Amino acid sequence: MFTSKVIERRYFFLFVASLLLKSVSAKKRPSDAAPKPAVPWCRKAHVMVPVQDATVVTQPDNEVKLEQQVLVWGGKGHDKAQKAHGSSLLGDVWSARFNLDPPANSDTPLPHAHWDLHAQDESSAPTPRWKSDGDVLGGYFWIFGGDDYSKGHFLKDVWALPISQALEQEDDSNPGVAWTQVKIAKDSPTPHSRRGMAVVALHDTKSLIIIGGRQKHESCLPDSWMLKLPDGWDDPALGPDAWGEAQWSELPELPSACRWGHAATRVVDSITNTELAAVFGGRKLNHATGAFEYNDELWFFQPGTQGGSWTQAKNYGSYSPNPRDHTSLTFDANTHSLYVFGGRTQASLNKPALRDLWKYSLQTESWTELHPSGRQPQTRYLHYAASLRGGMAMFGGEHIDQANEGMHESAKRDTKLNDLWFYEYEHNRWTSLSNKDCEAVDESLPKGANMFELMLLFTIVGVGVAFLLAMASHFHSPGGGSSVFDYCRPRLQRPPGGGGGGPSSPRRLGVELSNLTSSAVSEVTHKSGYERII
């Protein structure tokens with residue numbers, strides 16, 4: 001048997017080790033000292049909109065070029081200021097600026113983007129969320145609904161952010177931009193709360209179109225709604241406090257199957273010069289079979305009498321995109337075409353996401369798969385794309401490791417992204433504007449803070465190990481077999497010199513180690529990859 005002295009020594013070592021590990025794991029940078037991130041945290045299911053007005057910039061050589069911007073808000077991602085590991089719901093506002101003119105005497109079409117994090121008046125900001133959607137109209141960034149992990153329901157609130165104020169540099173007189181929650185008329189019908197819907201802003205009718213989505217428990221919503229924006233919202237002389245109330249009206253349902261996780265965008269018909277809302281993809285749950293059914297249909301909604309009408313797009317070509325959800329859809333007026341990129345065909349970590357690019361021509365009414373030149377983005381879904389002058393910007397999403405098949409569910413990998421890409425419609429090529437770097441928290445030294453923490457961790461662990469060895473050497477009695485190494489080494493025979501305990505001590509120690517291993521293994525819970533990605 002072990003002597004009480006040996007047991008006390010062992011538990012002393014374990015106590016010191018536990019304190020050391022606890023201090024390391026609990027170490028967290030104070031929030032007020034957290035460095036400002038240089039790029040957005042890696043994320044998925046966010047919203048991104050284009051800033052319509054380009055900016056004139058004078059270069060060092062006095063050459064005038066045009067910059068354009070995108071705004072990114074929300075999503076679910078790795079906010080290292082909140083958690084060292086795991087995901088958080090995000091409510092931050094970012095803008096990316098980049099030059100759309102190719103540099104002179106260079107084959108490189110675009111430079112890297114410059115990211116800015118914009119302060120918000122937290123007292124007026126919407127709750128952090130993911131799987132909401134939004135669009136830009138009249139100088140405002142509008143968002144609707146989503147999931148903020150509220151108990152029992154999703155969201156159906158409407159918010160507006162003044163883009164020009166959001167892009168202003170923060171100083172003492174401008175602590176942050178204020179959001180405005182849109183007031184809904186008391187006599188107005190209202191849509192169900194939802195997530196995974198699509199939102200399109202129509203300029204002619206000055207309204208937002210809400211299409212599909214789902215409620216809790218995979219309850220699919222087939223409805224469509226129009227929000228007539230409040231009186232005064234487009235009057236620069238009036239502030240949001242002077243706006244009237246918005247009014248909801250229900251539109252005809254999409255004639256096809258209901259869906260969520262679809263993509264939508266505004267389209268201008270080049271022949272009739274009328275506005276349309278285009279909708280592609282999505283999925284629903286077949287409750288009878290328990291399987292998800294994915295969609296590859298393209299539909300157009302045109303507002304009009306009795307709310308408007310739906311028309312399914314024809315396809316006179318031989319090919320079309322695979323059914324998918326969580327894809328992106330943009331429209332280019334110059335080519336009169338829609339562009340579909342990426343998405344997912346199964347709700348499983350066994351199946352990689354997509355990175356194919358398709359073009360639907362409104363003139364020929366046919367699909368064409370494109371094969372861009374240059375570097376290609378990773379496969380992804382739950383990303384977002386926005387159409388700009390000459391191309392589309394695409395940001396973030398989630399990548400599924402192609403090596404997942406055959407691996408245990410707990411070992412499968414799905415990686416959130418924060419890279420920004422630009423696809424040029426005319427030249428059919430991708431260009432990387434900012435690389436994936438989820439650790440970039442200091443603009444001058446993108447990875448310095450995290451390397452410091454890593455070195456600090458190794459230093460603390462090294463000091464702790466040295467301390468334990470020193471204590472073991474101090475307590476070790478010659479010939480007593482009480483060294484810490486003797487405790488940790490499995491033995492079939494009693495070491496020379498004996499020590500406290502009878503002949504059965506080594507066997508009992510082996511049984512205790514075996515039981516400890518069995519108990520530890522039984523407590524491991526494997527998180528389902530399916531739960532992580534739906």
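Are cysteine 220 and cysteine 258 buried or exposed? Both cysteines are buried, where buried means under 20% relative accessible area, exposed over 50% and partly exposed in between (1.4 Å probe, protein chains only). The model is a predicted one, in which local features need pLDDT of at least 70 and side-chain atom pairs count only at pLDDT 80 or more, while totals for chains, interfaces and linings use all residues. Residues are numbered from 1 along each chain as its sequence is written, and side-chain values use heavy atoms, with hydrogens and water left out.

A search of the whole structure turns up one disulfide, defined as a pair of cysteine sulfur atoms within 2.5 Å. The bond joins cysteine 220 to cysteine 258, with an S to S distance of 2.3 Å. Distant parts of the chain are linked in this way: cysteine 220 sits in strand E13 (residues 219–220), and cysteine 258, 38 residues apart from it, in the loop between strand E15 (247–251) and strand E16 (263–268). Strands (E, at least two residues) and helices (H or I, at least four) are DSSP runs numbered from the N terminus.

A nonpolar core is a set of buried Ala, Val, Leu, Ile, Met, Phe, Trp, Tyr and Cys residues joined through side-chain atoms within 4.5 Å. The largest such core has 33 residues, of which Met48, Phe98, Trp115, Phe141, Trp179, Ala393 and Leu420 touch the most other members. A second, separate core holds 19 residues, including Phe144, Val158, Trp243 and Ala246. Not counting residues up to four places away in sequence, the contacts of tryptophan 179 include Trp73, Phe141, Ile143 and Trp159, a contact being heavy atoms within 4.5 Å.

Aspartate 148 in turn makes a side-chain polar contact of 2.4 Å with serine 150, which is found in the loop between strand E7 (140–146) and strand E8 (155–162).

Strand pairing requires at least two DSSP bridges between the strands. E6 and E7 are joined by five bridges, and aspartate 135 has tryptophan 142 in E7 as its bridge partner.

Strand E26 (residues 384–388) is largely enclosed by the rest of the structure, because four of its five residues are buried. E26 pairs antiparallel with strand E27 (residues 391–400) over five bridges, and alanine 385 stands opposite methionine 394. In their hairpin, with two residues between the strands, glycine 390 takes a positive phi near 85°.

Notes: A polar contact is a pair of N or O atoms within 3.5 Å; within protein, one must be able to donate a hydrogen and the other to accept it, and residues adjacent in sequence count only if both atoms are side-chain atoms.
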